[in-house]
Protein chains: 2
Amino acid sequence: MTEYLEILHRSPLFRGIEAKELSALLDCMGARPRRIKKGDTVLAAGERATHLGIVLAGRVQVSRLKADGQRIVMGEIRPGQLFAESFACAQAEALPVTAIAGADGAVLLLDSGRLSAPCSAACAFHGRLISNLLSVLAHKNLALAGKVEILSGRTIRERLLAYLEDLCLKAGKNTVTVPFDRQALADYLCVDRSALSRAIGQLREEGVLEVDRGKFTLKQL
Amino acid sequence: MTEYLEILHRSPLFRGIEAKELSALLDCMGARPRRIKKGDTVLAAGERATHLGIVLAGRVQVSRLKADGQRIVMGEIRPGQLFAESFACAQAEALPVTAIAGADGAVLLLDSGRLSAPCSAACAFHGRLISNLLSVLAHKNLALAGKVEILSGRTIRERLLAYLEDLCLKAGKNTVTVPFDRQALADYLCVDRSALSRAIGQLREEGVLEVDRGKFTLKQL
DNA sequence: CCTCACTTGTTGTAACTGCAACATTGGGAG
DNA sequence: CTCCCAATGTTGCAGTTACAACAAGTGAGG
């Protein structure tokens, strides 16, 4: 656990909580890190949504499977970030999404009940924790709204460019590495993979885009 | 204000707070109801996101205008429900959405700073308020995820049916009244209005759907 | 070096969409 | 009742997409 304290301390969930206090807090909540290997299912759709997850190392991909077999990739979670927290906080009956490890690493699963229930030992930080969680949920909301904006594009071209521009804006440069392979990127944009390939090819031919594996460079911004 | 206390008391934000305490709480936060007329701009895009809104009567439509002029209708807010709360809680620089009254009514705007800052008089209920807000944000997240699922449909037909099935599921019957006119429904589904009309016509001809103005009946579920 | 599995790119085609322009409908004001 | 206007439906068309099937590229392991 010790090796991950630094990551946890930087997590938005524990902002403002001292490292030594953090350790006690985690003990109190019975948190144990769990190692994951690429491809492992961290949380499966259908489970009761009792726990929220924090990525300690590696990355976790959250996706949803529709009845017709279509997959929607909701996003990729990086170290320090949370996943499944909305479902846990909303006390959803069944988890509608699946979380899969995108690389070897580790996660921490926290019982949301224990997180929000008053705990005699750690009550001093409890308010802070809830307040942080509020902020995390709010930002997650903004991210989701951003995803809606991407999906509002009516052509693959529009959606891809909206996504890449968003990434570039956040990265502060015009070259970004997409954390998905082509199929996952297509599922993230909710389009067909081969059609996405065609759109990428066109954009490259037009000189709008430069592509090298997962590295995209926007030539004009 | 008194006329709206009942609505507020039933709002998820004030769950578990007694009616008489509620009144004091509102005073303490300096909340004043504001009457709105159909078409009024309640919150404008670009404003600092300092306040969250609660609909007291009527309805409020939240939409976002893209750079290319395309409008995205995010949703319709009904009495007791909140809007713009994510932006307020995330302390967003500028509001990315616009809130417009869809009918005559009234709203309450609450300063999110005052909501989360400790208040000597109402501190007893403060924790409750934050906890409720957490739940509201979590549920809003689920709603947004639902919208993403709707937008993941690759044809207008799929999106419309996903939306209507969702409404029917929530209503518990197979006849629902859509709170949008055709243009707003198209903007909600992020498709062209005339193409939406065409899709509705096809579904009706096939006997899948019965339509009367804004009233849709799913013949087969 | 080769094989094999997996990822990515390519292409033809039918179907669907966005767009624009126009027809129709329905309800409110006078 | 009639007029008027906004909402809704209709249609032709060019462009885009999903789908399927296949080709090319890539990397790990023997």
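Which residues do ring pairs link into a cluster? Tyr163(A), Phe180(A) and Tyr188(A) form that cluster. The model is a predicted one, in which local features need pLDDT of at least 70, side-chain atom pairs count only at pLDDT 80 or more, and totals for chains, interfaces and linings use all residues. Residues are numbered from 1 along each chain as its sequence is written, chains are lettered from A in the order in which they are written, and side-chain values use heavy atoms, without hydrogens and water.

**Aromatic pairs**
- Over all chains there are four aromatic pairs (ring centres of Phe, Tyr or the six-membered ring of Trp within 6.5 Å; planes under 30 degrees apart are stacked, over 60 edge-to-face, the rest tilted).
- Tyr163(B) and Tyr188(B) form a tilted pair, because their ring centres are 5.1 Å apart and their planes lie at 50 degrees.
- Tyr163(B) is buried at 4% relative accessible area, and Tyr188(B) is buried at 11% (buried means under 20%, exposed over 50%, partly exposed in between, with a 1.4 Å probe and protein chains only).

**Charges over rings**
- Lys147(A) lies over the face of Tyr188(A), 3.7 Å from the ring centre (NZ of Lys or CZ of Arg within 6 Å of the centre and within 35 degrees of the ring normal).
- In chain B, the charged end of Lys147(B) sits over Tyr188(B), 3.7 Å from the ring centre.

**Nonpolar cores**
- The largest nonpolar core has 59 residues (buried Ala, Val, Leu, Ile, Met, Phe, Trp, Tyr and Cys joined through side-chain atoms within 4.5 Å).
- Phe14(A), Leu110(A), Phe14(B) and Leu110(B) have the most contacts inside this core.
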